[in-house]
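These are my notebook entries on a structure that I looked up. I record what I searched for and what I found.

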Amino acid sequence: MGLGTGPGGHPDNTGLLTIGAFAARARLSPKALRLYARTGLLAPVHVDELSGYRYYHADQVERARTVALLRRLDMPLAGIAEVLRTPGEPAARQLVTFWREVEERVAAQRTLVDYLRARLSGRSSPLYGSFEVRTVDVPAQYVIAQSRHTLAHELPAWIVGSLDRLVTGAAACGGVAGAPFVVYHSEVTEESDGPAESCVPVRDAAAARAWALQQGRTWATQAREEPAHRLAYTRIVKAQVAYPQIIAAFEAVEEWIAGQRLKIAGPCREIYFYQGDWAAAAPDDEVCDVAFPISD
């Protein structure tokens, strides 16, 4: 925008506002405006070369108010920038997607609060009563697998990526023969990095071995037989598939096993039986079984 200047180098365009006047109109603080200018969300249309004073155009008020409202939803600055770059209905869909993720996180945190409140007060968590533990006999199956040492905050992205790769690879191994699952060979927290192993059952063992050999050492890929075993498990909803909320489910199954005087016979696992679009699943949709192999 070309700007003429009046006495003292100040712009003479009547539509321009000082940062203080613009902040008042936009309901934002000058500090916030400076932050949004640095990140490219809301740049001034003119900066005086001598004084460094910033000037905004009155036409920017609506954009500024939109930024302020999105920030009240705790939307990150990068997310706001993406919404503002997207016109019309696609921008509205981005907002809906962001808010769905917020609701899922809050639902998961609500579960965690209930669990921690009972633990901190010395009472048995009411969550244990909400978990119904069952048993199932699982026949031997051949799987293709990938493993990795990973911390808790890295785990969700790795699970999604590894299972996507394995499901794609299963097409060369006779197809998927059962629900994908993740085995935790050691604890995964923010201090302990597993390892964890993603597994997809397949129909053709020989083809699976050949496919795994082709992958070389990429993603620590292998093909192996998962022996027949008996599982004690509980079914959880999407809101509970998060660390540390999911720990309540694992502990509930462990408590049940001890109460039945059974033994844990192998590493714990998560079995992802949900067949729909994971991103579209509601927080209360059942999506996963938390399980331990058991023996008498």
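I first noted the term that my opening entry requires: a residue is buried under 20% relative accessible area, exposed over 50% and partly exposed in between (1.4 Å probe, protein chains only). Helices (H or I, at least four residues) and strands (E, at least two) are DSSP runs, numbered from the N terminus.

I also recorded the terms of the source: this is a predicted model, in which local features need pLDDT of at least 70 and side-chain atom pairs count only at pLDDT 80 or more, while totals for chains, interfaces and linings use all residues. Residues are numbered from 1 along each chain as its sequence is written, and side-chain values use heavy atoms, with hydrogens and water left out.

**Entry 1: strand S7**

I looked up how covered strand S7 (residues 196-202) is, and found seven of its seven residues buried. In a regular strand the side chains alternate between the two faces of the sheet. I then sorted S7 by direction: Ala196, Ser198, Val200 and Val202 point one way, Glu197, Cys199 and Pro201 point the other way, and all are buried.

Next I looked for the partners of S7, where two strands pair if DSSP finds at least two bridges between them. Strand S5 (residues 141-148) pairs with S7 in the antiparallel sense over seven bridges, and I found Val143 opposite Pro201 of S7. Strand S6 (residues 181-184) also runs antiparallel to S7, joined by four bridges. There I found Val182 opposite Ser198 of S7.

**Entry 2: the three-stranded sheet**

In which order do the three strands of the open sheet stand? I read the order as S1-S3-S2, with antiparallel pairing. Strands S1 (16-18) and S2 (46-47) are at the edges with a single partner strand each, so one side of each has no neighbour in the sheet. S2 and strand S3 (residues 54-57) pair over two bridges, and His46 has Tyr55 in S3 as its bridge partner.

**Entry 3: helix H1**

I found helix H1 (residues 19-26) lying across S1 and S3, at about 100° to S1. (Axes are lines fitted to C-alpha atoms, for helices over the stretch in contact, and angles run from 0 to 180 degrees between N-to-C directions.) The axes of H1 and helix H3 (residues 61-72) come within 9 Å and cross at roughly 60°. H1 and H3 are therefore oblique to each other; angles under 35 degrees count as roughly parallel, over 145 as roughly antiparallel, 65 to 115 as roughly perpendicular and the rest as oblique.

I listed the contact (heavy atoms within 4.5 Å): Phe22, Arg25 and Ala26 of H1 meet Val61, Ala64 and Arg65 of H3.

Is Ala24 buried or exposed? Ala24, which lies in H1, is exposed, with a relative accessible area of 60%. The C-alpha atoms of Ala24 and Val83 are separated by 24 Å, the two residues being 59 residues apart along the chain.

**Entry 4: helices H3 and H4**

I then followed H3 to helix H4 (residues 77-85): their axes come within 10 Å and cross at roughly 135°. That makes H3 oblique to H4. Arg63, Thr66, Val67, Leu70 and Arg71 in H3 meet Leu77, Ile80, Val83 and Leu84 in H4.
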